[in-house]
Amino acid sequence: IESADHIRHLLTTDPVDFESLDRIFARLPAGTMISLLLDPLSESTSRSTRMGLFKRLSARGYAAVPMVAERLADARWFVLRNMLALLGEIGAWPQGFSALTYARHGQPMVRREALLLGTRIPAERAQAIRLALTDRDERVMRVGVNACAEGGVAAGTLPVIIERVADDSLSSELRVQLIRLL
């Protein structure tokens, strides 16, 4: 029952019985469990399965970070998004890691996760906010707006905020949020 092949099979059967699998996971070494969970996180088409995997991986904390970081080499946008989101949920990243590496990705969901993470890395916060505020996708822009609202306007972002307030192409809701920041 605890063989890797059997567990992989169970993780591809929808819906996944996570309650039963959790008892098996408790008996496995952390590295084995993390490895078994990362593949289906990248491959599953089921949102509920991905959320269950995500929850279990984030609960492993820093132990998962090195294996998650390895997956950032995968070029598929949804894998990058999931791995960046996982690092953000864990609240840790590898030494020398920069979320800004992914901040100009062609897929807005990757940029959003990268910039969310970047706003949490003290050395990258100001640049992540500026990049978010200048993004063409409003969901990505909201990352910068929310980061400023929660932690204060980052140095050098005031001119960007003023410029974006005057942008008629933005939704009125977003422009009001920008005005509140001012």
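These are my notebook entries on a predicted model of one protein chain.

**Entry 1: the overall fold**

I began with the secondary structure and counted eleven helices and zero strands in the protein chain. Read from the N terminus, the order of elements is α-α-α-α-α-α-α-α-α-α-α. I then looked up the extent of the C-alpha trace, which spans about 60 × 30 × 25 Å along its principal axes. The chain has 182 residues, and 46% of them count as buried. For the accessible surface I noted about 9500 Å², with 52% of this belonging to carbon and sulfur atoms. I also checked the contacts between residues at least 6 apart in sequence: 61% of these join residues at least 24 apart.

Next I went inside. In soluble globular proteins, nonpolar side chains tend to be buried together. Here I found that the largest nonpolar core has 37 residues, and that Leu-11 and Phe-97 have the most contacts inside it. At least two residues of this core come from each of H1 (4-11), H2 (18-25), H3 (30-43), H4 (47-59), H5 (65-70), H6 (77-90) and H7 (108-118). Helix H6 gives the most, with eight residues.

Leaving out residues up to four places away in sequence, Phe-97 touches Leu-72, Leu-84, Leu-87, Tyr-102, Leu-117, Ile-121 and Glu-124.

**Entry 2: two loops**

Which residues does a cis peptide bond join? I found it between Asp-14 and Pro-15, with omega at about -5 degrees. Pro-15 sits in the loop between H1 and H2.

My other loop stop was Leu-100, located between H6 and H7. Is Leu-100 buried or exposed? Its relative accessible area is 14%, so Leu-100 is buried, the cut-off being under 20%. Setting aside residues up to four places away in sequence, I listed Leu-115, Glu-124, Gln-127, Ala-128 and Leu-131 as the residues Leu-100 touches.

**Entry 3: Ser-42**

Ser-42 belongs to helix H3. With a relative accessible area of 5%, Ser-42 is buried. What is Ser-42 in contact with, leaving aside its neighbours within four places in sequence? I found Arg-71, Arg-76, Phe-78, Val-79 and Met-83.

**Entry 4: helix H8**

I then turned to H8, residues 125-133, and wrote down its buried residues: Arg-125, Ala-128, Ile-129, Leu-131, Ala-132 and Leu-133. An α-helix has 3.6 residues a turn, so residues three or four places apart point the same way. Against which helices do the buried residues of H8 pack? They pack against H7, H9 (138-151), H10 (158-165) and H11. Two of these buried residues, Ala-128 and Leu-131, are also in my contact list for Leu-100.

**Entry 5: a surface patch**

I finished on the outside. Val-153, Leu-158, Ile-162 and Leu-182 make a nonpolar surface patch of about 350 Å². Leu-182 lies in the segment after helix H11 (172-181). Why does Leu-182 count as exposed? Its relative accessibility is 52%, and the cut-off for exposed is over 50%.

Key
Residues numbered from 1 in each chain as written. Predicted model: local features only at pLDDT ≥ 70, side-chain atom pairs only at ≥ 80, totals over all residues. Heavy atoms only, no water. Patch = residues over 30% accessible without salt bridge, like charges linked within 9 Å, V, L, I, M, F, W, Y side chains within 5 Å. Areas by Shrake-Rupley, 256 points an atom, 1.4 Å probe, with all protein chains shown as cover. Salt bridge = Lys/Arg side-chain N within 4 Å of Asp/Glu carboxyl O. Helix = DSSP H or I, 4+ residues; strand = E, 2+ residues; numbered from the N terminus. Buried < 20%, exposed > 50% of the residue type's maximum accessible area, 1.4 Å probe, protein only. Core = buried A, V, L, I, M, F, W, Y, C linked by side-chain atoms within 4.5 Å. Contact = heavy atoms within 4.5 Å.
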